[in-house]
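Q: I am new to this structure. Can you take me through its features one at a time?

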Amino acid sequence: MTSDPVLSAAGRARAARLAAMLKDMKLTAVFSTEFKRTQQTAAPTAKAQQLTVTTVPADQTAALVDKLKTASGAVLVVGHSNTLPEVMTALGVT
């Protein structure tokens, strides 16, 4: 068992569905943590939108929030169940 596993086949299928769901939304940025599963989840959407995934370490929530506050347009954030609530709270989501 590795601490940084790759996406399963089901995870890859979900990542492809996410890219398909977002195909008509013009994203301006894609953010992901440094882990393989988040990178692999973000990759199909970034590729389809001709964007580069911006990596923000999972333990740097404040840095991610700063980037999101200055971003314009719609962005995709691929993170973790234990960090996204903190990001959302910092952005004023209740």
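Q: Is Q50 buried or exposed, and what is its relative accessible area?
A: First, a caution: this is a predicted model. Q50 is exposed, because its relative accessible area is 76%, and exposed means over 50%.

Q: Where does Q50 sit?
A: Q50 belongs to the loop between α2 and β2, and β2 covers 53-55.

Q: What is the phi of Q50?
A: Start with the general idea. Most residues other than glycine have a negative phi. Now the case here. Q50 is not a glycine, yet its phi is positive, about 55°.

Q: Is S32 buried or exposed?
A: S32 is buried, because its relative accessible area is 3%, and buried means under 20%. Its place is in strand β1.

Q: Which residues does S32 touch?
A: Leave out residues up to four places away in sequence. S32 then touches T38, Q39, A42, V53, T54, T55, V56 and V78.

Q: Is T70 buried or exposed?
A: T70 is exposed, because its relative accessible area is 69%, and the cut-off for exposed is over 50%. This residue lies in helix α3.

Q: What does the side chain of T70 reach?
A: The side chain of T70 reaches the backbone oxygen of K67, at 3.2 Å.

Q: How many residues apart in sequence are T70 and L27, and what is their C-alpha to C-alpha separation in space?
A: In sequence, T70 and L27 are 43 residues apart. In space, 14 Å separates them, C-alpha to C-alpha.

Q: How many salt bridges does a search of the whole structure find?
A: The general idea is about charge. Side chains of opposite charge can pair when their charged atoms come close. Here the search finds one salt bridge. It joins the side chains of D24 and K23, at 3.2 Å from N to O.

Q: Are D24 and K23 buried or exposed?
A: Both D24 and K23 are exposed.

Q: How much space lies in the largest pocket?
A: Here is how empty space is found. Rolling a probe the size of a water molecule over the atoms shows where empty space is left. The largest pocket holds about 160 Å³.

Q: Which residues line the largest pocket?
A: The lining consists of V6, L7, S8, G11, R14, A15, L18, R37 and T41. By class, four are nonpolar, three polar and two charged.

Q: Which helices each supply at least two residues of that lining?
A: They are α1 (9-21) and α2 (36-48). The largest share, four residues, comes from α1.

Q: Where does T41 lie, and what does its side chain reach?
A: T41 lies in helix α2. Its side chain reaches the backbone oxygen of R37 at 2.7 Å. Both T41 and R37 are among the residues lining the largest pocket. Leaving aside neighbours within four places in sequence, T41 is in contact with L7, A15, L18 and V78.

Q: How many cavities of 30 Å³ or more does the structure hold?
A: The structure holds one cavity of 30 Å³ or more. The largest cavity has about 100 Å³ of space. It is lined by 15 residues, and T33, V56, A58, L64 and T83 are the closest to its centre.

Q: Which elements each supply at least two residues of the lining of the largest cavity?
A: They are β1 (27-32), α3 (61-70), β3 (74-78) and α4 (84-90).

Terms used
Residues numbered from 1 in each chain as written. Predicted model: local features only at pLDDT ≥ 70, side-chain atom pairs only at ≥ 80, totals over all residues. Heavy atoms only, no water. Salt bridge = Lys/Arg side-chain N within 4 Å of Asp/Glu carboxyl O. Buried < 20%, exposed > 50% of the residue type's maximum accessible area, 1.4 Å probe, protein only. 1 Å grid on protein atoms, 1.4 Å probe; cavity = no way out; pocket = protein on both sides within 12 Å on 5 of 7 lines; lining within 4 Å. Points joined across faces, edges and corners; volume = space filled by probe spheres on them. Nonpolar A, V, L, I, M, F, W, Y, C, P; charged D, E, K, R; others polar. Polar contact = N/O pair within 3.5 Å; in protein donor to acceptor, adjacent residues only side chain to side chain. Contact = heavy atoms within 4.5 Å.
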